[in-house]
Amino acid sequence: MAAHAPASELSATQASILSAYAELIEEVGTDDVSFRVIALRAGVGERTVFRYYPTRADLLLATSTWIERTIFTRAESGSIFDVPLAIREAMEAYERRPELAHVVAETAMRGVNGADPSPQRAEFDALLLREVPSLGDEERRAVVAALCHLDSSATWVTMRRELDMSGRDIADAAGWAAEAILDPIRDRGSEPQD
């Protein structure tokens, strides 16, 4: 089954199942939700859930991908220098839906959710190529990697769990860190290419 298909390619039944499971995760967590309860919430038969997602891991991973692509999705930034604001907004979104942010972070950190580990990687790379063409490949790759690392639910979870930071402090710290990454290249956009 296409458990990890893009949200736009899922059938209405799959979307109903994943949406129902996401709702239940927020209500009771991931451990206490049976396939029967998910099926009831989704308005489908229990066998239908098994047909699309044979194991609990399949269902959890597909739901994580769906959450990231539907609930935590955002518009592309118009400029690489708008990314700190986008990261700040992403941290605020994770703060509003902490149970879902944890699910996305934990599956992404395991590297098994089938989703692109850095959904914004291509966007950041393209923006840098366009706006700061004087960056070499290695330097551009380093900036993209740093921004992708900041721009993740894993960053939110780490700051929340390990540093006991508030949502506002996490947004401030992530936004500040992104600014610190971009400030040294802010004036290099007009430099001639090598």
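Biologist: Which residues does R186 touch, if residues up to four places away in sequence are not counted?

Modeller: A contact means heavy atoms within 4.5 Å, and by that criterion R186 touches F81 and E179, with residues up to four places away in sequence left out. Please keep in mind that this is a predicted model, in which local features need pLDDT of at least 70 and side-chain atom pairs count only at pLDDT 80 or more, while totals for chains, interfaces and linings use all residues. Residues are numbered from 1 along each chain as its sequence is written, and side-chain values use heavy atoms, with hydrogens and water left out.

Biologist: Where in the chain does R186 lie, and is it buried, exposed or partly exposed?

Modeller: Helices (H or I, at least four residues) and strands (E, at least two) are DSSP runs numbered from the N terminus, and R186 lies in the segment after α10. For accessibility, buried means under 20% relative accessible area, exposed over 50%, and partly exposed in between, with a 1.4 Å probe and protein chains only; R186 is called partly exposed because its relative accessible area is 34%. The C-alpha atoms of R186 and I80 are separated by 9.5 Å, although these residues are 106 apart along the chain.

Biologist: How many helices and strands does the chain have?

Modeller: There are 10 helices and 0 strands, so that the pattern read along the sequence is α-α-α-α-α-α-α-α-α-α. Of the 194 residues, 45% count as buried, and among contacts between residues at least 6 apart in sequence, 74% join residues at least 24 apart.

Biologist: Which residues touch the most other members of the largest nonpolar core?

Modeller: As a general idea, nonpolar side chains in soluble globular proteins tend to be buried together. A nonpolar core is a set of buried Ala, Val, Leu, Ile, Met, Phe, Trp, Tyr and Cys residues joined through side-chain atoms within 4.5 Å; the largest one here has 57 residues, of which I80 and L147 touch the most other members. Helix α1 (residues 12-28) gives the most to this core, with 7 residues. Leaving out residues up to four places away in sequence, L147 touches I80, V83, I87, F124, A178, I181 and L182.

Biologist: How do α1 and α2 pack?

Modeller: Two packed helices are described by the angle between their axes and the distance between the axes. The axes are lines fitted to C-alpha atoms, for helices over the stretch in contact, and the angles run from 0 to 180 degrees between N-to-C directions. For α1 and helix α2 (residues 35-42), the angle is about 115° and the axes are 8 Å apart. The crossing of α1 past α2 is right-handed; a crossing is left-handed if the near helix is turned anticlockwise from the far one by less than a right angle, and right-handed if clockwise. In this pairing, S16, I17, A20, Y21, E23, L24 and E27 of α1 meet V37, I38, R41 and A42 of α2. By class, that contact has 7 nonpolar, 1 polar and 3 charged residues, where Ala, Val, Leu, Ile, Met, Phe, Trp, Tyr, Cys and Pro count as nonpolar, Asp, Glu, Lys and Arg as charged, and the others, Gly among them, as polar.

Biologist: At what angle do α5 and α9 pack?

Modeller: Helix α5 (residues 83-96) and α9 pack at about 65°, with their axes 10 Å apart, and their crossing is right-handed. Here M91, Y94 and E95 in α5 meet S153, T155, W156 and R160 in α9, giving a contact of 3 nonpolar, 2 polar and 2 charged residues.

Biologist: Why does T107 count as buried, and which side chain is its polar contact partner?

Modeller: T107, in helix α6 (residues 98-110), counts as buried because its relative accessibility is 2%. A polar contact is a pair of N or O atoms within 3.5 Å; within protein, one must be able to donate a hydrogen and the other to accept it, and residues adjacent in sequence count only if both atoms are side-chain atoms. The side chain of T107 makes such a contact with the side chain of S64, at 2.5 Å.

Biologist: What is the value of phi at D164?

Modeller: Phi of D164 is near 55°, a positive value in a residue other than glycine. D164 lies in the loop between α9 (153-161) and α10, and D164 counts as exposed because its relative accessibility is 66%.
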